Amino acid sequence: MAEVRITGLHKRYGAFHAVRGIDLDIRDGEFTVLVGPSGCGKSTLLRTIAGLEESSEGTIEIGGEVVNDFRPRDRDVAMVFQDYALYPHMNVAKNIGFGLKARKMPKPEVDARVAEAARMLGITPLLGRFPRQLSGGQRQRVAIGRAIVRNPRIFLFDEPLSNLDAQLRDEMRGEIKRLHQDIATTMIYVTHDQIEAMTLADRIVLMRDGMIEQQGAPLDLFERPASTFVAGFLGSPRMSFLPGTLTLDGSAAAIRLSEALLPVAPGRSLNGAIDGQAVLLGLRPEHLTRAHAATPAQGTFRYDATIDLLQPTGSRSYATFRLAGAPVMAELQAHDVSRPGERLPIDINMNRASIFDAKTERAI
Amino acid sequence: MQPTATISRLKAAGAPPRLSGFAQWADRHFKWLLVAPAVLLILALSVYPLLFSLVVSFINYDFQVPGHAFVGLKNFERVVFDPVARWSLWLTAWLSGISVAIEFVLGLLVALTMVRSFPGRGVIMSILIVPLFISPVIVGQAWTLLLQRPFGPTNYILTQLLGQEVTIGWMTESPWLYFSLIIADVWQWTPFMFVILLAGLTAIPPNLYEAAELDGVNAWQAFWAITLPHLAPMMLLALTFRLLDAIRMFDTIFIMTGGGPGTRTYTASYYLYTVGFTQFHLSQATAGSWLFLIFTALVVMLLVRRLLKTEPV
């Protein structure tokens, strides 16, 4: 159990600057997810925390102790790798217990700990098998077992579910979350999958080009994205972005999208925005619904849409239409619309809409 | 609203064209035509000589004696009861065994050193594998020049180092001549071991070592738990290849000692050569070759069976 403090961390590989000045405080017991597109430096950051990569600049503290000069083994951290990194010539029990044996723990204690870890992960019947005899999900369980058996201060996960199929991934995600609830150790988890990030994290750290783009609770990032990058990365299907201009008329503000004038929710702060500013209006599919009431509710803009693409998922149907020339996706009830080409009134909830400066792409 | 792009269907391809009788026959038998040259080549250059040699080993195939009388197992008997043949087989076994063992250990050590990247690694690697490209005859000649009394520098350097006169006959005195043969072989073939073992080492996923490091496993434990089991199939492969080659050791012997003094450095190959091509007992040499083939096959069978048994990881 320990907190992690990263200050001014840089990592360079020759001319390539992979991590560019990360400052991050992770509380004891927190589940932090580092998320971002490929090559954003999230894995490098994780490996630097583990000590598998040396930092070029900056400090890493674990439990109040600067560990920059510590070898990985002396940092008391455990890591779960994407490709499991199991020892192929040892059976499951030996794989899990190898680290303890290497640290000269007496055999009865090793056995007891291995048995306990196997029980927690439901792999007791597999203890005598070899990695090649296990499925991907089982291997990942063994890899997690090898991590928890040591009872480390911090758990590091490097895209642990990426090699699993979709159904197994959902299942293992739940198990990792439960594991964190049970043992409440600090966990740092790297993924490029925004669903994993949203569902697992106490805190999401969204990275881009070696820097932190935004960090905070998952719902904070989802509902108040700091930039179009964050808004576009989190949420599936993606947020739609519509270019327009901001019109300020006394206290009432609105966004003009060529033909339509969409009122900005009253009382929404528009700090620093000026009349005529080019903006991007961000709409998430779930903020668009089929209109049922005769008149739109407060803060809602009604639009007569012609659906040109329909993607039913069973419980919901994603309908795409064009608004002021740009495609917008609406998340409708399964039976709201039956075929493309249909016209129907759509209510856009402007209270939930995001507004970004078109040039800087930062939130207004 | 923009119209959605339409995707037009491709025309149906229809049934394949009907072939004529000859075309059908050619279509069916074309594969045989393609493999025929290779099969003929193998029959002519491999199978026929092998069968012919088997025949020769049971007859008296002598240029000076007219007719090729059937002599049964006489040729084999001569080889089996020839003390030189037995000595040569024994020498072949332990000379190749010791050489290959030394090459293996050295090759492994060098491979372990070279698996990490460091400045100048490329250059050192290139220099290390140069001996592989040199003809064994040249290698033998080079070591002869280095070791031979009284012109080779070896004795001089040893004299300087030890501070007393060294006058070893590296090519003539036992046991030094064996030492000379082994050193030439080791010099030439250690790079072979090194290259194969290095390829094996680089194929081990680095994640395993990282996981081991995080587990607190020390270098020695990691070698036993990760490196050795992963490398075992490659080790066996390298040993098999090398051993097969070493038991046919001939060129360096021919150049360095000429089998001498006397028959002290006759290996199996050298013995068969001498019997066949300097004494012209071709039948006896052929019979000996067959016996040697059986002996080799036994060794190979053991190694290959073990090689095939190693399970993929």
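Where in chain A is the place of A:Ala324? I looked this up in a predicted model. A:Ala324 sits in the loop between strand S17 (316-323) and strand S18 (326-333) of chain A.

**Entry on A:Ala324**

I checked the backbone of A:Ala324 next. Its phi is near 50°. That is a positive value, and the residue is not a glycine. Buried takes 20 or more, and exposed takes 12 or fewer.

**Entry on A:Ala184**

I turned to another alanine in chain A. A:Ala184 has phi near 50°, again positive in a residue other than glycine. I located A:Ala184 in the loop between helix H5 (166-183) and strand S8 (186-191) of chain A. I noted 13 C-beta neighbours inside 10 Å, so A:Ala184 counts as partly exposed.

**Entry on the cis bonds**

Which residues does a cis peptide bond join in chain B? I found B:Ser174 and B:Pro175, with omega about 5°. B:Pro175 is in the loop between helix H7 (153-162) and helix H8 (176-202) of chain B.

I also looked at chain A. There the peptide bond from A:Ser236 to A:Pro237 is cis. I wrote down omega near -5° for this bond. A:Pro237 lies in the loop between helix H8 (228-233) and strand S11 (240-249) of chain A.

Notes:
Residues numbered from 1 in each chain as written. Chains lettered and ligands numbered in written order. Predicted model: local features only at pLDDT ≥ 70, side-chain atom pairs only at ≥ 80, totals over all residues. Helix = DSSP H or I, 4+ residues; strand = E, 2+ residues; numbered from the N terminus.
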